[in-house]
Amino acid sequence: MGDIDPSFIQSTEHRPNLSTFIQVDEIPIIDLSESKQENLISKIGKACEEWGFFQVINHGVPSEVSSKVEIEAKKFFEQSLEEKKKVKRDEANAMGYHDAEHTKNIRDWKEVFDYLVENTTQVPSSHEPHDLELRTLSNQWPQYPHHFRETMQEYAREVEKLAYKLLELFSLSLGLTGDKYHDCFKNQLSMVRLNHYPPCPSPDLALGVGRHKDSSALTVLAQDDIGGLQVKRKSVGDWIPVKPTPGAFIINVGDIVQINLEESEFES
């Protein structure tokens, strides 16, 4: 990406500053192979209530599948910009490669590849409530790496299974049936994002991804051993670094699930 462009520079109060990190408990690490279901449900409920974030281990996604994803993603992002732009997303289709993502109107120091769990889906043409038109989103698959598509599709299926398992645990933690929320996600828009963060010449000025909330139901995030992810806990008020745990996924309870959980608690 060359010298840092002003569009990447964070305002002073939002720039990385490791010296301000406070020492607090790590976000919960939950073993999904817990033999006592009631213990597992209790841990999930507590993590959602107190943190909104947690890590899961023994989650059922085969490690060899995750390893293949890392290999194929590395091959893709190592290609020339010209090659990657052959599957670049545009205004009509938001799936594919992109290198100009903005968060809070500041450009992120990253490049991404997005794809749907289902190969195509329909979404509203606009945010206007009276606009009933639909447009189709379709996956764009690069010709190289040769096993990229099949690897990413296999990974998406495995992670989606995990997501449904987590939704069941969320529901059970509220005293509801495990399949309470399944019907809510029959026609959901599930997608996978590959993030690549090139070395930054001014890491004190830019962020790979700026501060944000996830508007989705939940996010299943794989973090490499380099780390860098930070989360904010309301009771603390500061950014907390998430220490990488080998083989774990980080779960972020998104706005959609949070709203549903709050409504269920109110109704009960």
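Visitor: How many disulfides does the count come to here?

Guide: A disulfide is looked for as a pair of cysteine sulfur atoms within 2.5 Å, and in this predicted model the count by that rule comes to 0 disulfides.

Visitor: Are the cysteines C48 and C200 buried, or partly exposed?

Guide: Buried means under 20% relative accessible area, and partly exposed lies between that value and 50%. C48 has 18% relative accessibility and therefore counts as buried, whereas C200, at 21%, counts as partly exposed.

Visitor: Which peptide bond is cis, and where is its proline found?

Guide: The general idea is that most peptide bonds are trans. Here a cis peptide bond joins Y144 and P145, with omega at about 5 degrees, and P145 is found in the loop that runs between β8 (134-138) and α4 (148-173).

Visitor: What should I notice about the phi angles of N58 and K104?

Guide: Most residues other than glycine have a negative phi. N58 is not a glycine, yet its phi is positive, near 50 degrees; this residue sits in the loop between β2 (53-57) and α2 (63-77), and because its relative accessibility is 47%, N58 counts as partly exposed. K104, which is not a glycine either, has a positive phi of about 55 degrees, and it lies in the loop between β4 (102-103) and β5 (106-107).

Visitor: Where is the place of Y197, and which residues does Y197 touch?

Guide: Y197 has its place in the loop between β9 (191-196) and β10 (218-221), and at 42% relative accessibility it counts as partly exposed. Leaving aside residues up to four places away in sequence, Y197 touches W109, K110, G208 and V209. Y197 and L207 are 10 residues apart in sequence, and from C-alpha to C-alpha they are 9.4 Å apart in space.

Key. Residues are numbered from 1 along each chain as its sequence is written. This is a predicted model: local features need pLDDT of at least 70, side-chain atom pairs count only at pLDDT 80 or more; totals for chains, interfaces and linings use all residues. Side-chain values use heavy atoms; hydrogens and water are left out. Buried means under 20% relative accessible area, exposed over 50%, partly exposed in between (1.4 Å probe, protein chains only). Helices (H or I, at least four residues) and strands (E, at least two) are DSSP runs, numbered from the N terminus. Contact means heavy atoms within 4.5 Å.
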